[in-house]
Amino acid sequence: MEFRGTVMQVDLLAGTGHRPLAIPRPQPTILVFDSGLGGLTVLSRTTQACPGAHIVYAADDAGFPYGRLSEDELVIRVLAVMERLIARFHPDLVVIACNTASTLVLPALRARFAIPFVGTVPAIKPAAAATCSGMISVLATPGTVARVYTRELIESYAAHCEVTLVGSTRLAGLAEQALRGEPVDDDALLAEIAPCFVEANGRRTDVVTLSCTHYPLLLERMKRLAPWPVEWLDPAPAIARRVMQLLGSPDPATPCPDATAVFTNGSGLTGPLRIALAGYGLAQVVVEPMPLAIGFSSSRN
């Protein structure tokens, strides 16, 4: 039997430390950054919200997955990669389309660079407001689940709820496989989302937050495999709205150069992936080599 849930669009506390640009540029450059391909879900919404902007999508695939790095290593790595990207593309605003990085690195980025950063954090507050059963699940990477920031969000906004933290070790990788045109088995996908669905005392989970930007890439399949309907919280629309608030509305009539995809390794750039990237408007694909060790050595100089 097939079950389908709905996708709820929610607002996040993102980029609140910055006011809109005093003199909005007619053609701002927006850098969307992730460890891999999950940020494409944010990219598509941002492109829709800011059709006159020049978009650069950066995937630090040399560092993927970020969950394997310690907290100190992750901060060092993201700062080093961001230094290179900002020097090359001169963005007016950066979207950190990665929960694992946002929950840890945003303060350091905002201290280092004098441009607005919009982050992505687990949508626990809106999940707590949306639930009817009082049972919500946070589907995230192990790194996001382990963050003190995530626990503080639960204590602040969902103390009255039964919150199940699910740290998926494989889901982001499965999403990347699917986008590269590789097969992803339903049983493997179900095994990753099954812990989100909890029944107890006549109640059951009714809201699941997609707290990794990779996960919406598999949303339709997750809805089909889910044991019962739930509301799936996708933060991408709210992030796009926040970007538009900070930049204003770019002039859609202003011609923009083709959007660019940048990879720090590029070894996974298969033919099907290039086609998928083109479908997101990323006609140009370049490699800016940054081996993982670069992020760490730069901090010691």
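Rings of Phe, Tyr and Trp (its six-membered ring) pair if their centres lie within 6.5 Å; planes under 30 degrees apart count as stacked, over 60 as edge-to-face and the rest as tilted. The model is predicted: local features need pLDDT of at least 70, side-chain atom pairs count only at pLDDT 80 or more, and totals for chains, interfaces and linings use all residues. Residues are numbered from 1 along each chain as its sequence is written, and side-chain values use heavy atoms, with hydrogens and water left out.

**Exercise 1.** Find which residues form one aromatic cluster, and classify the pair F197 and W232.

Solution.
- The cluster consists of F197, W228 and W232.
- The ring centres of F197 and W232 are 6.2 Å apart and the planes stand at 65°, so this pair is edge-to-face.
- F197 sits in the loop between α8 (186–193) and β8 (199–200), and W232 in strand β11 (residues 231–234), so the pair ties together parts 35 residues apart in sequence. Helices (H or I, at least four residues) and strands (E, at least two) are DSSP runs, numbered from the N terminus.
- F197 and W232 are both buried, where buried means under 20% relative accessible area, exposed over 50% and partly exposed in between (1.4 Å probe, protein chains only).

**Exercise 2.** State how many aromatic pairs the structure holds, and classify F113 and F117.

Solution.
- The structure holds 3 aromatic pairs.
- F113 and F117 form a tilted pair, at 6.1 Å centre to centre with 45° between the planes.
- F113 and F117 are buried.

**Exercise 3.** Decide whether D92 is buried or exposed, and locate it.

Solution.
- D92 lies in the loop between α2 (71–89) and β4 (93–96).
- Its relative accessibility is 8%, so D92 counts as buried.
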